[in-house]
Amino acid sequence: MKYDREPDLSIMLSPRPSQSSVDYVISSIKELLLTKKMVPGDKLPAEMELAKLLSVSRGSIREAMKILAAFGIIEIKRGDGTYVSSDIEGKVLFDPLLFSFILSQPEFEELKELRMLLEKDVIRLAIKNAGEEDIRELRQCYESMEILKNGQEKDYDRLLNFDLEFHHILGKITKNRLLEKIYRFVMEYFSPYIAQSMRNHTYFSLESKETHRKLLDAVERRDFVSAEEAVENSVEVWETLIFKSGGETR
């Protein structure tokens, strides 16, 4: 994408509400993106100009830009400037609810409830809408993951990728793009916990190995009752693995 548009932000930004300067900068950029007043490829004003427009310090601008860059929302091109990422959709779902979810540092019980509710809807729609090719893709991912799990040497990075891919495929075969994106986001958020259970070897327990198989079997048999039970089992095992491995919720 050609980077040649620099919108006039001076007429787009609202007065600062009662929030920290960094949060204000982030929410201002978020609002511009959500209302499509800024689009992928747009160039942001220089740091000094942006600080003046928003009436905040340059330090607050720098800190906010670091956070937005970490989320994949902006790209900082050294010697050129800061741009809205040309691939926001591929990197992160920039939605008001999920953005506040990131910043709210939810308690574990909230995360558990969210995953339980979300995954039940995901697997229900996966069963309803998956074609035979979709199910084959899910099984192939599962079998590749099991080969790695049972191998002599554990490639943790590949295992994590396969684990996340399994859930990404589940989301995709719901045929609901919004649900797919939200589910992908949530599973990516949980990935540090999965990685930690791998390092502490609880990931390789028998009960852990059963979770993906039960989810797969429910989809293959198009069994809604077993699917709900498989999700409940999966979330309970996930909770056990986190606390066995000494995981701390954020």
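**Overall chain**

The model is predicted. Its protein chain has an average pLDDT of 81, and 80% of the residues reach a score of at least 70. Where pLDDT is low, the predicted coordinates should not be read in detail.

The secondary structure consists of 11 helices and 2 strands. Along the sequence these elements are arranged as α-α-α-β-β-α-α-α-α-α-α-α-α. Of the 250 residues in the protein chain, 45% are buried. Among contacts with a separation of 6 or more, 73% are between residues 24 or more positions apart.

**Helix α3**

Helix α3 spans residues 58-70, a total of 13 residues. The distance from its first C-alpha to its last is 18 Å, close to the 18 Å expected at 1.5 Å a residue. Ser60, Ile61, Ala64, Met65 and Leu68 are the buried residues of α3. These residues lie on the same side of α3, because they cover an arc of only 130 degrees around the axis. An α-helix has 3.6 residues a turn, so residues three or four places apart point the same way. Lys66 and Ala70, on the other side of α3, are exposed. Here buried stands for a relative accessible area under 20%, and exposed for one over 50%. Just after α3 comes Gly72, with a positive phi of about 80 degrees.

Strand β1 covers residues 74-77 and strand β2 covers residues 81-84. The two strands run antiparallel and are joined by 4 bridges. Two of the pairings can be named: Ile74 has Val84 in β2 as its bridge partner, and Lys77 has Gly81 in β2. β1 and β2 form a hairpin, with 3 residues between them. Gly79, in the turn, takes a positive phi of about 80 degrees.

How values were computed: Residues numbered from 1 in each chain as written. Predicted model: local features only at pLDDT ≥ 70, side-chain atom pairs only at ≥ 80, totals over all residues. Heavy atoms only, no water. Expected span 1.5 Å × (residues − 1). Buried < 20%, exposed > 50% of the residue type's maximum accessible area, 1.4 Å probe, protein only. Arc of directions from axis to C-beta. pLDDT = per-residue confidence, 0-100. Contact = heavy atoms within 4.5 Å. Pairing = 2+ DSSP bridges.
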